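Welcome! Take a look at it first, and then read on.

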Amino acid sequence: MRAKDLLGRNGEALAAGFLENQGMRIVDRNWRCPDGEIDIVALEGDTLVIAEVKTRKSLDYGHPFEAVDAAKLARLHRLSSAWCREHDLNAPRRRIDVVSVIDSGVGEPQLEHLRGVG
């Protein structure tokens, strides 16, 4: 596995644990369809949460949140609908969250969570 892929997988695992510690129940990870991938699908009460995880080693190329633009948000909304269709789930309450992971490999990784970004 490439170093970049390994960093991303580790970031997603950290983010899943972080969201569980926030009281969410993880129901799916790395779900794929022809249109793309959802990193984490979780439930918070009766709200379906689609969580995009962005992991970086540093802020040298900008904050990870900056990588989630309008096109990415639109894709995540389409993917959330596709996930619900595939799982035969009517989820009238849905939201998109983004979890940022900065993991330089030194010290504890830093996680930030933006709720309801779009």
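Let's begin with charge: the chain carries 17 positive and 19 negative charges, and their mean positions are 3 Å apart. Please keep in mind that this is a predicted model.

**The chain as a whole**
- Two helices and five strands make up its elements, and they follow the order α-β-β-β-α-β-β from the N terminus on.
- The radius of gyration is 14 Å, close to the 13 Å from the globule rule for 118 residues, so the chain is as compact as a globular protein of that length.
- Along the principal axes, the C-alpha atoms fill a box of roughly 45 × 30 × 25 Å.

**Surface and contacts**
- Of the 118 residues, 42% are buried.
- Among contacts with a separation of 6 or more, 53% are between residues 24 or more positions apart.

- Beyond its neighbours within four places in sequence, Glu12 is in contact with residues including Arg29, Asp39 and Val53.
- Ser100 belongs to strand S4 (residues 94–102) and counts as buried because its relative accessibility is 1%, under the 20% cut-off.
- Arg78 lies in helix H2 (residues 70–86) and, at 48% relative accessibility, counts as partly exposed.
- Arg78 and Asp35 are 43 residues apart in sequence, with 8.4 Å from C-alpha to C-alpha.

Key:
Residues are numbered from 1 along each chain as its sequence is written. This is a predicted model: local features need pLDDT of at least 70, side-chain atom pairs count only at pLDDT 80 or more; totals for chains, interfaces and linings use all residues. Side-chain values use heavy atoms; hydrogens and water are left out. Contact means heavy atoms within 4.5 Å. Helices (H or I, at least four residues) and strands (E, at least two) are DSSP runs, numbered from the N terminus. Buried means under 20% relative accessible area, exposed over 50%, partly exposed in between (1.4 Å probe, protein chains only). The radius of gyration is taken over C-alpha atoms; the globule rule is 2.2 Å times the number of residues to the power 0.38. Lys and Arg count as positive and Asp and Glu as negative; His and the chain ends are not counted. The place of a charge is taken as NZ of Lys, CZ of Arg, CG of Asp or CD of Glu.
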